[in-house]
Amino acid sequence: MKPSNEMKISFLSRSSNESFARATVAAFVAQLDPTIDELADIKTAVSEAVTNCIVHAYQDGLGMIYITAKLFDSGKIVIQIRDKGCGIEDIPQAMEPLFTTAGEERAGLGFAVMQSFMDKLKVKSQKGKGTTVTMEKTIIRRPVQNG
């Protein structure tokens, strides 16, 4: 199925750009008229994915983060967040709640949070080449109230 609308952005992996990414995706998704809770879920999942890129992918410097968001007439949203960083050696282990490679200051809940707020989560990674996180969520269509 072909998307009814699509956007792409890229930005440096600076922590100050995390809120930019979250707000941009939320503004794009708003055209589907999500509830406040649905929008909050999407914003949180995007924040977690972007933060993972900033903290883990480019540990020793800056790199680019790429986001593509696609909207479908069915109400489905597909968001892809990609980096060209160090990659993930063991994806199942990385997706375990509380697992982190970033030391004690990190909770290791990023993937668990993404999974809980989105309908689908897929992670692809290649060591030394980067990681792609693909998230899907369907916005529940509500009938228009007349009167």
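This is a predicted model: local features need pLDDT of at least 70, side-chain atom pairs count only at pLDDT 80 or more; totals for chains, interfaces and linings use all residues.
Biologist: How many aromatic pairs does the model contain?

Modeller: Ring centres must lie within 6.5 Å for a pair, and planes over 60 degrees apart count as edge-to-face. The count by this rule is one aromatic pair. Its members are phenylalanine 11 and phenylalanine 20: the ring centres are 5.8 Å apart and the planes stand at 90°, so the pair is edge-to-face.

Biologist: What is the overall order of helices and strands along the sequence?

Modeller: The chain contains four helices and five strands, and their order is β-α-α-β-β-α-α-β-β. Of its 147 residues, 44% count as buried. Among contacts with a separation of 6 or more, 66% join residues 24 or more positions apart.

Biologist: Which residues of the largest nonpolar core touch the most other members?

Modeller: A nonpolar core joins buried residues through side-chain atoms within 4.5 Å. The largest one has 33 residues, and those touching the most other members are Ile42, Val46, Val50, Ile67, Ile79, Ile81 and Met135. Elements that give two or more residues to this core include strand 1 (5-12), helix 1 (18-29), helix 2 (36-57) and strand 3 (76-83). Helix 2 supplies the largest share, eight residues.

Biologist: What does isoleucine 79 touch, leaving out residues up to four places away in sequence?

Modeller: Its contacts, counted in that way, are Val25, Ile42, Val46, Ile67, Thr68, Ala69, Met118, Val133, Thr134 and Met135.

Biologist: Where does phenylalanine 28 lie, and what does this residue touch?

Modeller: Phenylalanine 28 belongs to helix 1 and, at 11% relative accessibility, counts as buried. Not counting residues up to four places away in sequence, phenylalanine 28 touches Asn5, Glu6, Met7, Ala69 and Leu71. Asparagine 5 is 23 residues from phenylalanine 28 along the chain, and their C-alpha atoms are 9.2 Å apart.

Biologist: At what angle do the axes of helix 1 and helix 2 cross?

Modeller: A crossing is described by the approach of the axes, their angle and a handedness. The axes of helix 1 and helix 2 come within 9 Å and cross at roughly 145°, and this crossing is right-handed. Residues making the contact include Ala21, Val25 and Val29 of helix 1, together with Ile42, Val46 and Val50 of helix 2.

Biologist: What is phi of aspartate 33, and where does this residue lie?

Modeller: Most residues other than glycine have a negative phi. Aspartate 33 has a positive value, near 55°. This residue lies in the loop between helix 1 and helix 2, and its 54% relative accessibility means that it counts as exposed.

Conventions:
Residues are numbered from 1 along each chain as its sequence is written. Side-chain values use heavy atoms; hydrogens and water are left out. Rings of Phe, Tyr and Trp (its six-membered ring) pair if their centres lie within 6.5 Å; planes under 30 degrees apart count as stacked, over 60 as edge-to-face and the rest as tilted. Buried means under 20% relative accessible area, exposed over 50%, partly exposed in between (1.4 Å probe, protein chains only). Contact means heavy atoms within 4.5 Å. Axes are lines fitted to C-alpha atoms, for helices over the stretch in contact, and angles run from 0 to 180 degrees between N-to-C directions. A crossing is left-handed if the near helix is turned anticlockwise from the far one by less than a right angle, and right-handed if clockwise.
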